[in-house]
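Trainee: I would like to go through the labels on this model one by one. Please give me the value and the cut-off behind each.

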Amino acid sequence: MQVRKNRNDQDIELLKFLKRLKQDKDDNSPVSYEYVLSRPGLVRIYQFVKNLPEWGNQPDMNDADTIIQLAQSGNTLCKNALDQFISIWGAQAGNLALTYKAVGGVYIGGISIPIEILKEGKFRDAFINIELGFSENVA
């Protein structure tokens with residue numbers, strides 16, 4: 001995961017957490033977007049968020065679908081983990097749109113997240129806040 005100037009401190013702490021997870025398994029390869037933006041990646045983000053001091057002692061969760069369902073039903077911890085996932089996903093989609101000059105639109109795929117959650121705007125906000133001025137070119 002590359003660090004961009006517009007990402008927040010929690011994303012940087014997440015990156016450090018993910019690096020430690022990999023190192024604990026003797027994996028010294030870089031943390032990639034594929035490692036983060038997947039079903040296991042959402043579980044890893046949940047593990048990171050639940051270990052933040054403000055959450056106290058929370059249960060482990062090893063299923064992305066359960067995290068998504070609980071986020072939908074109002075579980076604040078799962079919602080925070082899913083929001084961070086969606087924000088990273090949107091930012092990477094924006095990076096790729098800029099890289100490939102996707103002026104005709106962008107199709108996204110991958111993990112199935114209910115459209116109601118995506119319509120909340122975290123994906124779009126992260127997508128258009130990649131580079132200063134990019135938002136003027138997005139309808």
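Trainee: Among contacts in the protein chain between residues at least 6 apart in sequence, what percentage join residues at least 24 apart?

Mentor: The figure is 64%. Keep in mind that this is a predicted model.

Trainee: How many helices and how many strands does the protein chain have?

Mentor: Seven helices and zero strands. From the N terminus on, the order reads α-α-α-α-α-α-α. As for burial, 44% of the 139 residues are buried.

Trainee: Why are α4 and α5 called roughly perpendicular to each other?

Mentor: Start with the general point: two packed helices are described by the angle between their axes and the distance between the axes. Here the axes of α4 (residues 64–72) and α5 (residues 76–99) cross at roughly 115°. They come within 7 Å. Angles of 65 to 115 degrees count as roughly perpendicular. The two helices therefore get that label. The crossing is left-handed.

Trainee: Which residues meet where α4 and α5 are in contact?

Mentor: From α4, I67, I68, L70 and A71. From α5, C78, K79 and L82. By class, this contact has six nonpolar residues, no polar residues and one charged residue. Lys counts as charged.

Trainee: What makes the largest nonpolar core a core, and how many residues does it have?

Mentor: Its members are buried nonpolar residues joined through side-chain atoms within 4.5 Å. There are 38 of them. L42, I45, V49, L82, F85, I86 and I113 have the most contacts inside the core. The elements giving two or more residues are α1 (9–24), α2 (33–36), α3 (39–50), α4, α5, α6 (115–118) and α7 (122–128). The most come from α5, with ten residues. In general, nonpolar side chains tend to be buried together in soluble globular proteins.

Trainee: Which residues is F85 in contact with, leaving aside its neighbours within four places in sequence?

Mentor: V36, L37, S38, L42, I45, I111 and I113. Contact here means heavy atoms within 4.5 Å.

Trainee: Take Q92 next. Why is Q92 called buried?

Mentor: Its relative accessible area is 15%. The cut-off for buried is under 20%. So Q92 counts as buried. Q92 sits in helix α5. Not counting residues up to four places away in sequence, Q92 touches Y33 and L37.

Trainee: And S29: why does S29 count as partly exposed?

Mentor: S29 has 35% relative accessibility. Buried needs under 20%, exposed needs over 50%, and partly exposed is in between. S29 therefore counts as partly exposed. S29 is in the loop between α1 and α2. Its C-alpha atom is 8.7 Å from that of K19, ten residues apart along the chain.

Trainee: D26 is in the loop between α1 and α2. Is D26 buried or exposed, and how do you know?

Mentor: The relative accessible area of D26 is 70%. Exposed means over 50%. D26 is therefore exposed. Its phi is near 55°, a positive value in a residue other than glycine.

Trainee: Where is K101 found, and what makes K101 exposed?

Mentor: K101 is in the loop between α5 and α6. Its relative accessible area is 67%. The cut-off is over 50%, so K101 is exposed. Phi of K101 is near 50°, also a positive value in a residue other than glycine.

Definitions and conventions:
Residues numbered from 1 in each chain as written. Predicted model: local features only at pLDDT ≥ 70, side-chain atom pairs only at ≥ 80, totals over all residues. Heavy atoms only, no water. Axes fitted to C-alpha atoms, helices over the stretch in contact; angles between N-to-C directions. Helix = DSSP H or I, 4+ residues; strand = E, 2+ residues; numbered from the N terminus. Parallel < 35°, antiparallel > 145°, perpendicular 65-115°, else oblique. Left-handed = near helix turned anticlockwise from the far one by under 90°. Buried < 20%, exposed > 50% of the residue type's maximum accessible area, 1.4 Å probe, protein only.
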